[in-house]
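Hi,

Here is the structure I said I would pass on.

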Amino acid sequence: MNSIQPNDIKKGDLGYLKNGWKFEMMDNKKGNIRMAKVHGIETEIGSIYAHEIAFIQNQDGDDVPVDASRYQKQTTMIQNLGF
């Protein structure tokens with residue numbers, strides 16, 4: 001199955017976080033931190049990390065996995081430095 005890179009996720013794309021919550025992307029930025037409307041216990045708009053994204057729904061409604069391993073490595077390295 002093909003995967004998508006986090007930088008290819010655009011505003012309006014729907015998907016799921018690894019904790020199962022649905023989200024709608026709210027920006028077209030690139031990088032580790034993105035703005036999204038998350039439908040969890042409450043519906044909130046806020047920042048999410050790229051490595052927290054599990055799947056994006058494509059035009060056909062199919063779930064496409066997100067390959068954010070590069071961002072997970074960056075976050076782990078920063079945490080190990082004590083930030």
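**What I found**

The protein chain exposes about 5,600 Å², and carbon and sulfur atoms supply 51% of that area (accessible areas come from the Shrake-Rupley method with a 1.4 Å probe; for residues, only the protein chains shown count as cover). Before you dig in: this is a predicted model, where local features need pLDDT of at least 70 and side-chain atom pairs count only at pLDDT 80 or more, while totals for chains, interfaces and linings use all residues. Residues are numbered from 1 along each chain as its sequence is written, and side-chain values use heavy atoms, with hydrogens and water left out.

Of the 83 residues in the protein chain, 30% count as buried (buried is under 20% relative accessible area, exposed over 50%, partly exposed in between, with a 1.4 Å probe and protein chains only).

**The sheet**

The protein chain has one helix and six strands, and from the N terminus on they run β-β-β-β-β-β-α. Helices (H or I, at least four residues) and strands (E, at least two) are DSSP runs, numbered from the N terminus. The six strands form an open antiparallel sheet in the order β4-β3-β2-β1-β5-β6; two strands pair if DSSP finds at least two bridges between them. β4 and β6 (63–65) stand at the edges with a single partner strand each, so one side of each has no neighbour in the sheet. On average, neighbouring strands are turned by 40° against each other, direction ignored (axes are lines fitted to C-alpha atoms, for helices over the stretch in contact, and angles run from 0 to 180 degrees between N-to-C directions).

Now the pairings:

- β3 (residues 33–39) and β4 (residues 43–49) run antiparallel and are joined by seven bridges. Ile33 has Tyr49 as its bridge partner in β4, and the hairpin from β3 to β4 goes through three residues.
- β1 (residues 14–17) and β2 (residues 22–25), also antiparallel, are joined by three bridges. Tyr16 is partnered by Lys22 in β2. The hairpin of β1 and β2 has four residues between the strands, and Gly20 takes a positive phi near 95° there.
- β1 and β5 pair in the antiparallel sense over three bridges, with Ile53 in β5 as the bridge partner of Leu17.

**The core**

Which residues have the most contacts inside the largest nonpolar core? That core has 13 residues, and the answer is Ile9, Phe23, Met25, Ile48, Ile53, Ile56 and Val66. β2, β3 and β5 (53–57) each supply at least two residues of this core. A nonpolar core here is a set of buried Ala, Val, Leu, Ile, Met, Phe, Trp, Tyr and Cys residues joined through side-chain atoms within 4.5 Å. Not counting residues up to four places away in sequence, Val66 touches Ile4, Pro6, Ile9, Ile53, Ala54, Phe55 and Ile56 (contact means heavy atoms within 4.5 Å).

**The N-terminal end**

Asn2 is found in the segment before β1 and is exposed, with a relative accessible area of 68%. Leaving out residues up to four places away in sequence, Asn2 touches Val64 and Pro65. The C-alpha atoms of Asn2 and Pro65 are separated by 7.5 Å, although the two residues are 63 residues apart along the chain.

Cheers
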